[in-house]
Amino acid sequence: MTIRYAVAGMTTLAISMLSLSAHADAQLDTAIKNPANWAAQAGDYANQRYSELKQINASNVSKLQATWTLSTGVLRGHEGSPLVVGDTMYIHSPFPNKVVAVNLKDQTYKWKYEPKQDAAVVPVMCCDTVNRGVAYGDGKIFLQQADTTLVALDAETGKVVWSVKNGDPKLGETNTNAPHVFKDKVITGISGGEFGVRGRLTAYDIKTGKEVWKGYSVGPDSEMLIDPAKTMTWTDGKMAPVGKDSSVKTWQGDQWKIGGGTTWGWYSYDPKLNLVYYGSGNPSTWNPKQRPGDNKWSMSIWARDLDTGKVKWVYQMTPHDEWDFDGINEMILADIPVKGQTVPALVHFDRNGFGYTMNRDTGALLVAEKYDPAVNWATHVDMKTGRPEVVAQYSTEHNGEDTNSKGICPAALGSKDQQPATFDRKSKLFLVPTNHVCMDYEPFRVEYTAGQPYVGATLSMFPAPNSHGGMGNFIAWDAGTGKIVWSKPEKFSVWSGALTTAGDVAFYGTLEGYLKAVNPKDGKELWKFKVPSGVIGNVFTYEYSGKQYVGVYSGIGGWAGIGMAAGLEKPQEGLGAVGGYKDLAKYTDLGGTLFVFALPSN
Amino acid sequence: MKPLYKLLLAATVLAFSTTASVSAQDANADAPYKVVDGNKVDPGTLKGWKTWRSLACERCHGAQQEGLVGPSLVDSLKRLTKTDFQTTVMNGRIEKGMPNFGGSQQMQDNWQNLYAYLKGRSDGKIQPGHLQPMDGQQ
């Protein structure tokens with residue numbers, strides 16, 4: 001009896017262990033399903049950034065008040081957002097990457113974690129030391145440190161459970177991305193496209209931190225986990241296998257070894273298809289003359305099997321980049337009508353200014369249209385070849401080294417950068433924080449030295465000419481037709497992640513430091529509040545003790561905060577009248593505060 | 001004593017800076033750079049500008065050396081000695097975010113040229129932006 005019981009017990013144990021490894025992370029799944037939590041950086045696996053909460057709604061949002069605030073103690077750019085699971089909020093900071101667990105009951109600290117990192121990593125992160133937040137799953141909090149260490153902390157105690165090195169800062173490899181938990185894996189990428197880093201996505205075992213697979217963006221098929229016969233890409237109006245050596249044959253010699261294609265954006269996951277989606281960044285260097293060829297698979301959208309890392313399909317948006325249009329922006333998964341038919345879509349707003357709608361199952365290209373009318377570097381995307389039609393005047397390859405190509409739209413920071421968009425499930429519209437900035441771009445020859453900048457272009461940026469004079473728009477996009485539904489001009493780039501809710505309210509932050517609530521149907525402003533420092537963080541929402549809260553980090557920095565300055569000081573641009581960095585300095589200064597808002601109690 | 005000393009020092013500095021600006025305008029004998037029309041420079045200074053460009057110094061110090069995350073080099077080059085400058089670029093100021101460029105062959109070969117270029121920017125003699133060789137040949 002006893003023995004039989006023991007055997008039965010062991011069988012149960014074995015079965016439950018099996019199911020543990022084969023199924024989704026139960027804790028995260030459960031947490032995500034309850035809208036009271038904000039258990040992942042986008043609130044879900046699909047990057048929709050939508051909440052079912054509706055206590056705060058279009059008719060009462062004007063009464064929103066700051067309820068509590070908290071200093072992170074760091075005065076640098078604050079991207080990403082906290083997580084909320086049950087009665088605990090997990091807060092992160094830019095370098096040195098502190099993590100704090102806060103009791104929602106009384107805002108006391110449960111635990112604090114501050115890693116010891118070599119300060120030598122800061123210079124290779126030049127010019128800001130952002131971190132886009134932590135991930136939750138399997139009773140742990142995952143932090144991707146700047147020095148590339150991925151660490152798992154016990155969510156209850158903050159004690160280190162495991163830690164693994166994901167790269168080498170001496171080669172210019174750093175991390176700014178949030179790790180993502182999908183099923184039994186922690187997924188992370190790498191930064192350093194301006195240091196000749198070879199990009200890859202890596203999956204670690206959630207229990208042990210052991211590497212499960214690593215898929216490079218460039219190089220031999222085996223290292224990209226590409227099967228030449230099975231990995232598909234859009235070819236002549238249909239999907240076809242990529243064929244042998246699809247990457248290496250698009251590079252001169254072994255340039256792919258320092259070829260870039262880094263992976264520092266937001267990843268998404270479709271549990272039904274078991275596919276992970278993300279984008280790869282710019283090829284290194286920024287001087288196109290130095291790297292002939294399409295430079296595959298930089299600037300591409302990827303679909304990988306979560307368990308094996310094998311590539312189901314891949315699509316290159318900007319072959320042979322000449323403008324630093326990183327393809328890393330988030331892939332939003334939503335089932336939407338496209339040309340009268342509901343499709344399992346992937347929607348992506350690329351740095352290059354085109355909004356792409358793909359079939360996320362097959363990889364077929366459905367829609368590719370400009371989501372900012374200022375975009376001028378290409379006339380359109382040829383829907384048969386999938387390639388952009390580049391305008392010679394704005395081709396830095398065509399104009400050549402040491403020639404300043406002027407008036408290219410968008411600027412290198414793209415019509416949109418990493419700041420994530422949101423999908424409003426009710427109106428089926430995508431609300432997108434955008435940049436309305438153009439540039440002059442002068443490429444020049446550079447030599448590669450490990451760990452040293454490998455940029456190769458001088459840029460200056462300015463507000464899109466002949467427009468409203470501002471440097472941003474907050475827009476609504478119909479991804480089925482590829483059309484802008486409405487566009488709300490902003491004085492500065494909108495560098496904050498947006499949120500939509502079932503209360504018919506959309507939220508986003510601005511560089512001068514407003515948190516704004518707008519109507520998702522027409523963009524009409526419903527409420528705004530001035531926080532001390534510009535917002536580059538993502539708006540999030542949660543419910544605690546029956547009350548809905550909306551929060552955001554205040555803390556300017558990142559490329560928007562400092563990169564803007566570079567071009568806008570140039571007197572010949574005549575920007576004094578229309579704005580620019582000097583204007584930004586009239587509104588805001590550095591900061592590092594979390595703001596939490598709610599409706600008044602009665 | 002003290003006020004007199006200060007006055008004397010100020011007078012000396014004034015005299016020196018007047019002399020310096022005159023000489024820079026004329027033959028520029030003491031300056032580590034030579035410049036004509038604000039944007040045509042000697043071969044060494046041209047290499048210095050190219051070093052500035054290829055090591056992407058503007059990402060922290062600004063396209064016109066006016067300062068962004070890093071300090072304004074227009075100001076710094078008025079204070080730093082040539083030795084200070086060498087130490088800073090070679091060893092960095094890691095805690096402040098300044099990288100060490102000692103590992104860069106280009107920097108090892110060109111730090112004096114870079115110093116010359118930045119000195120010219122700091123003195124207001126060299127214009128921001130693209131530079132040309134003095135002899136007009138590219």
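How many residues of chain A are in contact with how many residues of chain B? Select both chains and look at where they meet: 24 residues of chain A are in contact with 21 residues of chain B, contact being heavy atoms within 4.5 Å.

Before going further, note that this is a predicted model, in which local features need pLDDT of at least 70 and side-chain atom pairs count only at pLDDT 80 or more, while totals for chains, interfaces and linings use all residues. Residues are numbered from 1 along each chain as its sequence is written, chains are lettered from A and ligands numbered from 1 in the order in which they are written, and side-chain values use heavy atoms, with hydrogens and water left out.

Stay at the interface, where chain A and chain B bury about 1900 Å² between them, 62% of it on carbon and sulfur atoms; buried area is the accessible area (1.4 Å probe) that two parts lose on being put together, summed over both. The rule finds two salt bridges across this interface, a salt bridge being a side-chain nitrogen of Lys or Arg within 4 Å of a carboxyl oxygen of Asp or Glu. Now select B:R53 and A:D402, whose side chains meet in a salt bridge at 2.9 Å, N to O.

Next, select residues 43–54 and 105–122 of chain B, which are helices α2 and α6, packed at an angle of about 110° with their axes 7 Å apart. Helices (H or I, at least four residues) and strands (E, at least two) are DSSP runs, numbered from the N terminus, and axes are lines fitted to C-alpha atoms, for helices over the stretch in contact, with angles running from 0 to 180 degrees between N-to-C directions. α2(B) and α6(B) are therefore roughly perpendicular to each other, the word used for angles of 65 to 115 degrees. Among the residues making this contact are B:W49 and B:W52 of α2(B) and B:M107 and B:Y117 of α6(B).

Move to chain A, where three strands form an open antiparallel sheet in the order β27-β30-β31; two strands pair if DSSP finds at least two bridges between them. Its edge strands are β27 (405–408) and β31 (457–463), each pairing on one side only. Select residues 437–443 to see β30(A), which pairs with β27(A) over two bridges in the antiparallel sense, and there find A:M439 opposite A:I408.

Finally, select residues 232–235 and 238–241 of chain A, the antiparallel strands β15 and β16, joined by four bridges. They form a hairpin with two residues between them, and A:D236 in the turn has a positive phi of about 50°, while A:T235 stands opposite A:K238.

Note on methods
Angles under 35 degrees count as roughly parallel, over 145 as roughly antiparallel, 65 to 115 as roughly perpendicular and the rest as oblique.
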